[in-house]
Amino acid sequence: MLITDLSQNPAVNKSVKLTEIAACTNGRSECVSLLATGSVSGGEIKLQISQDDANYYPLTDENGVQIILKPNTPLYLKFANLYLKCDLSGISSDNLKITVQ
């Protein structure tokens with residue numbers, strides 16, 4: 001599922017509920033993968049989570065550091081009953097795409 005596509009006009013950057021992706025796997029998968037493709041010349045792709053799809057907070061690792069998605073490097077997350085989206089503040093790109101599956 002494509003959640004971010006900066007090559008479109010207008011650009012796409014939407015949230016996804018992780019449990020909805022889990023439902024598509026019929027319980028055969030324990031995690032989702034995120035993959036960013038394209039070029040990023042400024043900023044970092046910061047991951048955010050929400051329980052209500054309105055109030056978002058940084059997704060952090062066990063040390064409290066916000067998780068950053070790096071282009072062409074898959075990231076795996078366990079399913080949770082949360083919404084996920086990308087904070088693209090400061091990002092410079094005309095072809096960035098992010099998929100979740």
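**Close-up views of a predicted model**

**View 1. Charged side chains of the protein.** The protein carries 8 positive and 10 negative side chains. The centres of these two sets are 5 Å apart. The model shown here, and in every view below, is predicted.

**View 2. The whole fold.** Starting at the N terminus, the order of elements is β-β-β-α-β-β-β-β-β-β-β. The C-alpha trace spans about 35 × 30 × 25 Å along its principal axes. The radius of gyration is 13 Å, which agrees with the value near 13 Å for a compact globule of 101 residues. Of the contacts with a separation of 6 or more, 75% join residues 24 or more positions apart.

**View 3. Surface and interior.** Buried residues account for 32% of the 101 residues.

**View 4. The largest nonpolar core.** This core holds 21 residues. Leu 34, Ile 45, Leu 47, Leu 84, Leu 96 and Ile 98 have the most contacts inside it. Two or more core residues come from each of helix H1 (18–24) and strands S4 (31–37), S5 (45–50), S9 (83–87) and S10 (97–100). S4 gives the most, with three residues.

**View 5. The surroundings of Ile 45.** Ile 45 is among the residues with the most contacts inside the largest nonpolar core. Which residues is Ile 45 in contact with, leaving aside its neighbours within four places in sequence? They are Ala 36, Val 40, Ile 67, Ile 68, Leu 69, Cys 86, Asp 87, Leu 88, Ile 91, Leu 96 and Ile 98.

**View 6. Ile 68 in strand S7.** Strand S7 covers residues 68–69 and includes Ile 68. Is Ile 68 buried or partly exposed? Its relative accessibility is 25%, so Ile 68 counts as partly exposed. Not counting residues up to four places away in sequence, Ile 68 touches Glu 44, Ile 45 and Lys 46. Ile 68 and Leu 47 are 21 residues apart along the chain, and 6.2 Å separates their C-alpha atoms.

**View 7. Ala 54 in a loop.** Ala 54 sits in the loop between S5 and strand S6 (57–58). Ala 54 counts as exposed because its relative accessibility is 58%, and the cut-off for exposed is over 50%. In sequence, Ala 54 and Val 40 are 14 residues apart. In space, the two are 26 Å apart, C-alpha to C-alpha.

Definitions and conventions:
Residues numbered from 1 in each chain as written. Predicted model: local features only at pLDDT ≥ 70, side-chain atom pairs only at ≥ 80, totals over all residues. Heavy atoms only, no water. Helix = DSSP H or I, 4+ residues; strand = E, 2+ residues; numbered from the N terminus. Rg over C-alpha atoms; globule rule 2.2 N^0.38 Å. Buried < 20%, exposed > 50% of the residue type's maximum accessible area, 1.4 Å probe, protein only. Contact = heavy atoms within 4.5 Å. Lys, Arg positive; Asp, Glu negative; His and termini not counted. Charge placed at Lys NZ, Arg CZ, Asp CG, Glu CD. Core = buried A, V, L, I, M, F, W, Y, C linked by side-chain atoms within 4.5 Å.
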